[in-house]
There are 2 protein chains.
Amino acid sequence: MTSYEQLLQVLRDEGHRLTPQRLIVLRVVAEGRQHMGVDEVFREAQSAYPFMDLATVYRTLRLFKQVGLVTEVAIGDRLHYELTHPEDRHHHMVCRVCHGAFNLSPHYLEEFNRTLVNEFGFVPDLDHFAITGVCVNCRPESSGEVGIGSEEFTLNEDVP
Amino acid sequence: MTSYEQLLQVLRDEGHRLTPQRLIVLRVVAEGRQHMGVDEVFREAQSAYPFMDLATVYRTLRLFKQVGLVTEVAIGDRLHYELTHPEDRHHHMVCRVCHGAFNLSPHYLEEFNRTLVNEFGFVPDLDHFAITGVCVNCRPESSGEVGIGSEEFTLNEDVP
DNA sequence: TTCCTTTTTGCAATGAGTTGCAAATACTTG
DNA sequence: CAAGTATTTGCAACTCATTGCAAAAAGGAA
């Protein structure tokens, strides 16, 4: 059983139907780069299946998020999606200036998470956690050195 | 000079014009409860100034946010605004189930903030920080006790 | 006060995302 | 493999928020 078929099994197990649209959106996201924008997913899906509707893409991505197949990241006001890799869970730091996204190891949020649960009984949704700010490259006084644990990648689509 | 006039002075000092629309929106937010939704601000402003336009409310709130008069909080996908009280800065924990918002003292984020800056050179926007999750009242296994530092208030408008 | 320049408003159009509903279709059972 | 049912799709309409642009108005100078 390939890893793609394992993903399909997740859908089947939860009682969701395997429609051509879902198979194609899943393949597009699985084979695409990190953080695909919805319009990007839509264009690629449509080229494989011309009847694809944008609303279906939105609904499908929302479903995939619910069952944990993909992770949603809000980058510069727009929703982006990436395949969930359980062995490489990470959060995001999104730069308000360049719209670049940096991965952040869950380790850095563990203590914060414990504090919220213990002090307030509040269980935060860290799976969809992203924090905006200004990255080291976009800071005027930036002097360069960055520690380990961060992995940058810049969007190659236009984000206004 | 009243505190309301001090707020106006902030606008004047930055070269913004004092239009009737801005005065009214400021008064509505200053006298309203915490976390007012945009539509709520709009309705109240319109009842004081019938020509008020929704786009003006959005632009005005955005301006007020830029100059620091108000703080923007995203609650359940919608933008909410509250007057900024410099002596009572706080972040928000927003419950995904009941849409209630809990204040969170900046103290709990200080270490996280330091870590991001020191390790990654990333300066997070903590002023607009809100984290979603499930609050103690909405957790099935909730056993009740909550520590100090949290102050709850529930929305009295409908959030779907 | 009057004139002038620049900002701001109101309106309509746009963009991202969601939703209601009838038609289409995936899966189940016989 | 055919029929039945519940889910899903496609379309259009809708919501929240933003934006382009001409008309209106705020604030400064004469």
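Mentor: One term first. A helix here is a DSSP run of H or I with at least four residues, and a strand is a run of E with at least two. Both are numbered from the N terminus. Keep in mind that this model is predicted.

Now the helix pair. Arg27(B) and Glu31(B) form a salt bridge, with the closest N and O atoms 3.7 Å apart. Both residues lie in helix 2 of chain B. They are four residues apart there, which means that about one helical turn separates them. How exposed are the two partners? Arg27(B) is partly exposed because its relative accessibility is 40%. Glu31(B) counts as exposed, at 62%.

Helix 3 of chain B, residues 38-48, holds another pair of this kind. Asp39(B) and Arg43(B) form a salt bridge, and their closest N and O atoms are 3.8 Å apart. These two are four residues apart, so about one helical turn separates them. Asp39(B) has 33% relative accessibility, so Asp39(B) counts as partly exposed.

The next pair crosses between chains. Arg96(B) meets Asp125(A) in a salt bridge, with 2.7 Å from N to O. Where do the partners sit? Arg96(B) is in the loop between strand 4 (91-95) and strand 5 (101-104) of chain B, and Asp125(A) is in the loop between strand 6 (123-124) and strand 7 (130-134) of chain A, so this pair joins two chains. Arg96(B) is partly exposed because its relative accessibility is 48%. Asp125(A) is buried, at 15%. Over all chains, a search of the whole structure finds ten salt bridges.

Glu82(B) is buried but has no salt bridge. A salt bridge needs a side-chain nitrogen of Lys or Arg within 4 Å of a carboxyl oxygen of Asp or Glu. The nearest side chain of opposite charge is Arg33(B), and it is 8.1 Å away. What does Glu82(B) have instead? Its side chain makes a polar contact of 3.0 Å with the side chain of His90(B). Leaving out residues up to four places away in sequence, Glu82(B) touches several others, among them Val29(B), Leu69(B), Thr71(B) and His92(B).

Step back to the strand that carries this residue. Glu82(B) lies in strand 3 of chain B. Strand 3 covers residues 78-83, and six bridges join it to strand 2 of chain B. The two run antiparallel. Along this pairing, Val73(B) stands opposite His80(B). The sheet is open and has three strands, in the order 1-3-2, with antiparallel pairing. Its edges are strand 1 (36-37) and strand 2 (70-75), each of which pairs on one side only. Backbone hydrogen bonds are what strands of a sheet pair through.

Glu72(A) lies in strand 2 of chain A, residues 70-75. Glu72(A) has a relative accessible area of 18%, so it is buried. Which polar partners does its side chain have? One is the side chain of Lys65(A), at 3.2 Å. Another is the side chain of Tyr81(A), at 2.9 Å. The contacts of Glu72(A), apart from neighbours within four places, also include Leu79(A), His80(A) and His128(A).

Last, follow charged side chains to the DNA. DNA strand C has 22 residues around it, and the closest include Arg17(B), Arg22(B) and Arg59(B). Sugar and phosphate make up 70% of the atoms of DNA strand C that come within 4 Å of the protein. A polar side-chain atom of Arg17(B) is 2.8 Å from a base oxygen of DNA strand C. For Arg59(A), a side-chain N or O atom is 3.3 Å from a base oxygen. Phe51(B) comes in through its backbone: an N or O atom there lies 3.2 Å from a phosphate oxygen. Helix 2 (20-31) of chain B is one of the elements that give two or more residues to the surface near DNA strand C. Helix 2 of chain B is also where the pair Arg27(B) and Glu31(B) sits. Helix 4 of chain A gives the most to that surface, with four residues.

Notes
Residues are numbered from 1 along each chain as its sequence is written. Chains are lettered from A and ligands numbered from 1 in the order in which they are written. This is a predicted model: local features need pLDDT of at least 70, side-chain atom pairs count only at pLDDT 80 or more; totals for chains, interfaces and linings use all residues. Side-chain values use heavy atoms; hydrogens and water are left out. Two strands pair if DSSP finds at least two bridges between them. Buried means under 20% relative accessible area, exposed over 50%, partly exposed in between (1.4 Å probe, protein chains only). Lys and Arg count as positive and Asp and Glu as negative; His and the chain ends are not counted. A polar contact is a pair of N or O atoms within 3.5 Å; within protein, one must be able to donate a hydrogen and the other to accept it, and residues adjacent in sequence count only if both atoms are side-chain atoms. Contact means heavy atoms within 4.5 Å. A residue is near a molecule or strand if one of its heavy atoms lies within 4 Å of it.
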